[in-house]
Amino acid sequence: MASFKPTKIQVYPKLGEKVTQDTLYWKNYKAPVQIKEFGAVTSIDFSPVTPHNFAVTAFTRIHIYGPFSQEPVKSFTRFKDTAYCGRFRSDGQLLVAGCEDSVVRLFDVSGKVALRLFKGHTKAVHLTDFTSDRYQILTGSDDYTCRLWDIPNATELTTYREHTDYIRCGVTSKLNRDLFITGSYDHTVKLFDARVEKSVITMDHGQPVESVLLYPSEGLLVSAGGRHVKVWDLLKGGQPLVSLKNHHKTVTSLALSSNGQRLLSASLDRHVKVYSTTNYKVVHNFDYAASILSLALAPDDESIVVGMTNSILSIKHRKNQEDSKEIAGQQRRRPSYRVFVKGKNYVPKQDDYLVSKPVKEHLAKYDKQLRRFNVSKALDTALETWIRFRKPEITMAVIKELDRRGTLKNALAGRDERGLSQLLNFLIGNFVDARFTPVLVTAAEMILDIYQSIIGQSPLVDRQLLRLQDLVEKEIDYQKELLEVLGMLDTMFASSLPRKEVPCSGIGKSNGLTQGEPSTSKPQLQVT
């Protein structure tokens, strides 16, 4: 008896990953360095001056890390409650932060004790920032107010009470000391001018605003809240330009690349999306292990720092040329292919004894059932959930093998409602796949022949049959439309091609007679 041959799983071609300049640029980072913080990382801010240290705000502490340090080079722990929004001044010498106890604290980066305490808010302060002249501070609080403070005198300058909900984000202009922007949970983003007693522009984001970002030219503003990232034109009075909805959970943080050509958004869905600022299409994507609360890019995009809800700070550093050369050298030092095939081509001599080791054949579950001629169980095994969704080509190979043996109808028959529903689900999911259609058409015809007598008895099966019918009808309509388009293209190509005359020697163009042969215009009648 011939040995059993396992089912041949057809290998279908896979589309290669489209490698673009963005893919090469944003994948050129080392494996992330992960640091455990004391709580959820709510804010990250890079110092504008070299060596570009960054401040990490987490729970009741603010840690300052060096560009490549894994331990904080400086810590500020004089907070009575949760700290928020630690930000550097433009000269990198001062740092300001809000707190849950409503007090705003100003620190000298080289010291430990707070230089100034700004008291006036009645609830937690989530927004702090320096104005461009370095002498004023902007704050926003859960008491619905945003305020300007004078640093030398530690006094409050102005209070704005236009928002009707928590103020959780904001940014100051780097070109004009009087302009600043706030975002609130009342779904609005407001542009304020310190020379005027009220807001200048109000934009409705439509969702609670979690983060705002100004372009370097400050003509465009980006707001993030809910699942949306929106771009506004400030030069046209806050006119909306683009609304992006690429995340499936709340967007929490925004960042801009060093050249201003790429916009990054981080979300609770554990993804960081990279957009092109020319057409606002996603050009790259980063995946993380937990929901993201904060995101920051180092100058020249040398590192990407992400803070997550699980208290993990993830730092990715860009690879340099030395690292690339080292990796290339390691690859060159690996054993060559001939080391592994050494001795494989040895031919035994005449007097040699060849001792062969029997190779144990390992069969898959469906092949074991086919070997025992249990065709229904073989099909059931091939329809298991993980095979059906991850490896549909295995299920197709089993169906094709059963059809070749002539036992497909027997394998499809005798199924209960659950088994038939499972089979119809596979048909609906793969019927229009060009790789599987020829085989599934045969299987669908057999199913209809076998189970046509029970139509109307099961609402679940009836719904699936209607879905399958709609799917087939739509596919037929698509094919007809494509054939019509193909006919139009053929007509266009035929009319656009130049016409060429084919010379025929010795034959006249008018009547097909050879040259010199007389032609008669009327037929000659012969009378007998």
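Strands here are DSSP runs of E with at least two residues, helices are runs of H or I with at least four, and both are numbered from the N terminus.

β26 pairs with strand β27 (residues 303-308) in the antiparallel sense over 5 bridges; pairing requires that DSSP finds at least two bridges between two strands. One place to look is L297, whose bridge partner in β27 is I304. In this hairpin 5 residues lie between the strands, and D300 takes a positive phi near 60°.

Is I312 buried or exposed? I312 counts as buried because its relative accessibility is 16%.

Leaving out residues up to four places away in sequence, I312 touches Q34, I35, K36, V41, V306 and G307, where contact means heavy atoms within 4.5 Å. I312 and A289 are 23 residues apart in sequence, and their C-alpha atoms are 9.5 Å apart in space.

## A four-stranded open sheet

Another stop is an open sheet of 4 strands, with antiparallel pairing and the order β6-β7-β8-β9. Its edge strands, β6 (83-88) and β9 (114-118), each pair on one side only. Neighbouring strands of this sheet are turned by 20° against each other on average, direction ignored; the axes are lines fitted to C-alpha atoms, and angles run from 0 to 180 degrees between N-to-C directions.

Strand β8 (residues 104-108) pairs with β9 in the antiparallel sense over 4 bridges. Here L106 has R116 of β9 as its bridge partner.

## Helix α10

Helix α10 (residues 437-451) has 15 residues, which should span 21 Å at 1.5 Å a residue; the expected span is 1.5 Å times one less than the number of residues. The end C-alpha atoms of α10 are 21 Å apart, which agrees.

Which residues of α10 are buried? They are V439, L440, A443, A444, M446, I447 and Y451. Seen down the helix axis, these buried residues fall within an arc of 165°, so they line one face of α10; the arc is that of the directions from the axis to the C-beta atoms. The buried residues pack against α7 (392-405), α8 (408-412) and α9 (417-430).

## Reading the values

Residues are numbered from 1 along each chain as its sequence is written, and side-chain values use heavy atoms, leaving out hydrogens and water. Because the model is predicted, local features need pLDDT of at least 70 and side-chain atom pairs count only at pLDDT 80 or more, while totals for chains, interfaces and linings use all residues.

Conventions. Buried < 20%, exposed > 50% of the residue type's maximum accessible area, 1.4 Å probe, protein only.
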